[in-house]
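Reader: Before the terms are discussed, please show the sequence and the model.

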Amino acid sequence: RTHFTDDARIAIDTLAKRATSLVSPSIRLGVTGLSRAGKTVFISSLVHNLLHGGRLPLFEAHQSGRIARAYLEPQPDDAVPRFQYEEHIATMLEKRIWPDSTRAISQLRVTIEYESASLWNKLLPGGKLSLDIVDYPGEWLLDLPLLGKDFAAFSRDSAELAELPSRADLATDWHMLADGIDPDAPANEGLAQQLATSFADYLRLCKNDSRALSTLPPGRFLMPGDLEGSPALTFAPLTRLSEVVRPGSMQAMMERRYEAYKTHVVRPFFRNHVARLDRQIVLIDVMQAMNAGHEAVVDLERALADILSCFRAGKGNFLTDLFIPRIDRILIAATKADHIHHESHRRLEAIVRRLTERVIARADLSGAGVEVIAMAAVRATREATVKERTGSLPVIVGTPMAGETIADETFDGETETAIFPGDLPEKPASVFQPGTAEAPAPIRFVRFRPPQLEETEDGVKLSLPHIRLDRALQYLIGDQLV
Ligand code: GDP
């Protein structure tokens with residue numbers, strides 16, 4: 001009986017929903033993560049699998065055969081660039097190279113027609129859900145704390161971070177230049193440009209492969225979108241500050257531009273985009289950080305905390321005067337799990353869980369559910385075992401990209417190769433601690449080319465292979481397709 005009543009209630013709800021919405025129901029899914037985390041690859045593969053009926057056993061609506069069809073439709077927001085899905089897929093499938101990464105915000109609408117799972121709803125015409133996928137750089141979220149800081153505080157905080165041992169040597173040039181600037185001297189455009197360039201260079205250096213530090217604000221310095229070269233970006237923190245700001249001085253100019261950046265760049269982004277998201281996936285490249293050492297891991301934890309705080313609905317948030325975030329589900333996903341053998345996937349997930357535990361506690365995401373997953377949006381490798389004298393070794397097999405190296409070997413981009421990636425540490429905590437005897441050995445990490453699509457016996461190409469993309473889909477939109 002309970003079942004009957006529940007079903008009836010859902011049916012009435014659904015009917016009411018459909019009757020009241022003139023357009024079909026839609027849900028906005030934000031896809032973010034720091035640059036190179038895997039946003040472009042994730043969206044391309046997700047859409048490819050939806051459109052072409054990929055292997056998605058854990059995506060319930062698909063597995064039970066309730067999805068009638070999925071297709072692309074024009075997006076609702078005319079002012080936002082469209083996510084270049086077709087181009088990205090062609091790059092991956094035809095050239096077998098990775099597509100261009102996310103540089104700015106973009107959007108894509110996939111509409112899913114499905115049959116309801118409930119008995120009562122089956123009597124209604126089929127349901128329709130439009131999934132609006134919004135791709136945007138995680139760097140832009142890191143700007144949120146700026147809304148609560150004036151220029152002096154921003155300068156002091158930036159200088160403090162630049163003095164950390166992991167960053168200090170990279171910040172030398174900017175520091176020297178900034179130290180030579182008299183805040184009371186007359187505003188000088190040339191000098192402002194020099195200083196902004198040198199600060200952006202320092203932020204860029206932090207991101208290089210060996211350091212792999214996460215970005216610091218201002219987020220648009222590395223991901224300018226369409227603002228490249230505009231005055232709103234031609235500022236930088238100063239190391240010498242005057243108590244009383246003289247009109248027309250260097251400090252006055254920097255301060256004005258910093259405030260303009262907040263007003264014209266940061267606030268509208270949160271108001272127009274983040275505020276309207278219903279669900280969010282945050283992609284992180286944990287393995288890259290781990291390979292660079294514990295400082296990069298701790299730094300990733302900091303960046304993730306800053307990112308998640310943007311979705312917090314609670315009090316004491318700079319956002320409350322802007323909007324109340326309405327995201328009710330957040331998925332934190334470690335990508336590129338195809339770089340390790342599945343025996344290590346659990347360990348990867350344990351590391352991500354550990355990485356996010358403290359962050360989640362701090363971010364006070366009351367009202368939103370948070371899940372953690374290790375996945376590969378595109379699986380570029382397969383698994384095998386290699387027999388050794390001492391036993392068998394779990395390896396992954398793929399085609400390393402041309403120029404990738406391991407030990408003394410350089411790959412040509414054509415040959416399939418078996419690689420023993422190494423084991424992830426058993427104790428997640430060891431990843432966060434400075435090098436001890438227990439410190440994890442780096443994973444043997446090469447970038448592989450995107451895979452060749454498998455074909456069925458009658459020559460039909462399958463969708464892009466993945467690891468647990470279906471679990472991600474189920475969590476993010478499964479409940480909307482009942
Ligand atoms: P974005 O900056 O977040 O858009 O990052 P991309 O989606 O462009 O991904 C950056 C790079 O990471 C790609 O060029 C690939 O080399 C790699 N990558 C991303 N996702 C995957 C994945 O699922 N599997 C593998 N093997 N590599 C991936």
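**Terms and their grounds**

Author: The accessible surface of the protein is about 22400 Å², and carbon and sulfur atoms account for 52% of that area. The model is a predicted one.

Reader: What makes up the secondary structure, and how many helices and strands are there?

Author: The protein has 12 helices and 12 strands.

Reader: What share of the 482 residues is buried?

Author: Buried residues amount to 52% of the 482 in the protein. A residue is called buried because its relative accessible area is under 20%.

Reader: Which residues of α5 are buried, and what do the buried residues of α5 pack against?

Author: F151, A152, A153, F154, S155, S158, A159 and A162 are buried in α5. The buried residues of this helix pack against α6 (172–179), α7 (189–206) and α8 (250–272).

Reader: At what angle do the axes of α10 and α11 cross, and is the crossing left-handed or right-handed?

Author: The axes of α10 (residues 294–309) and α11 (residues 345–363) come within 9 Å and cross at roughly 35°. The crossing of α10 and α11 is right-handed. Among the residues making the contact are V297, L300 and L304 of α10 and L355, V359 and I360 of α11.

Reader: How do the residues of this contact of α10 with α11 divide?

Author: The contact of α10 with α11 holds nine nonpolar, two polar and three charged residues.

Conventions
Residues are numbered from 1 along each chain as its sequence is written. This is a predicted model: local features need pLDDT of at least 70, side-chain atom pairs count only at pLDDT 80 or more; totals for chains, interfaces and linings use all residues. Side-chain values use heavy atoms; hydrogens and water are left out. Axes are lines fitted to C-alpha atoms, for helices over the stretch in contact, and angles run from 0 to 180 degrees between N-to-C directions. Helices (H or I, at least four residues) and strands (E, at least two) are DSSP runs, numbered from the N terminus. A crossing is left-handed if the near helix is turned anticlockwise from the far one by less than a right angle, and right-handed if clockwise. Contact means heavy atoms within 4.5 Å. Ala, Val, Leu, Ile, Met, Phe, Trp, Tyr, Cys and Pro count as nonpolar, Asp, Glu, Lys and Arg as charged, and the others, Gly among them, as polar. Buried means under 20% relative accessible area, exposed over 50%, partly exposed in between (1.4 Å probe, protein chains only). Accessible areas come from the Shrake-Rupley method with a 1.4 Å probe; for residues, only the protein chains shown count as cover.
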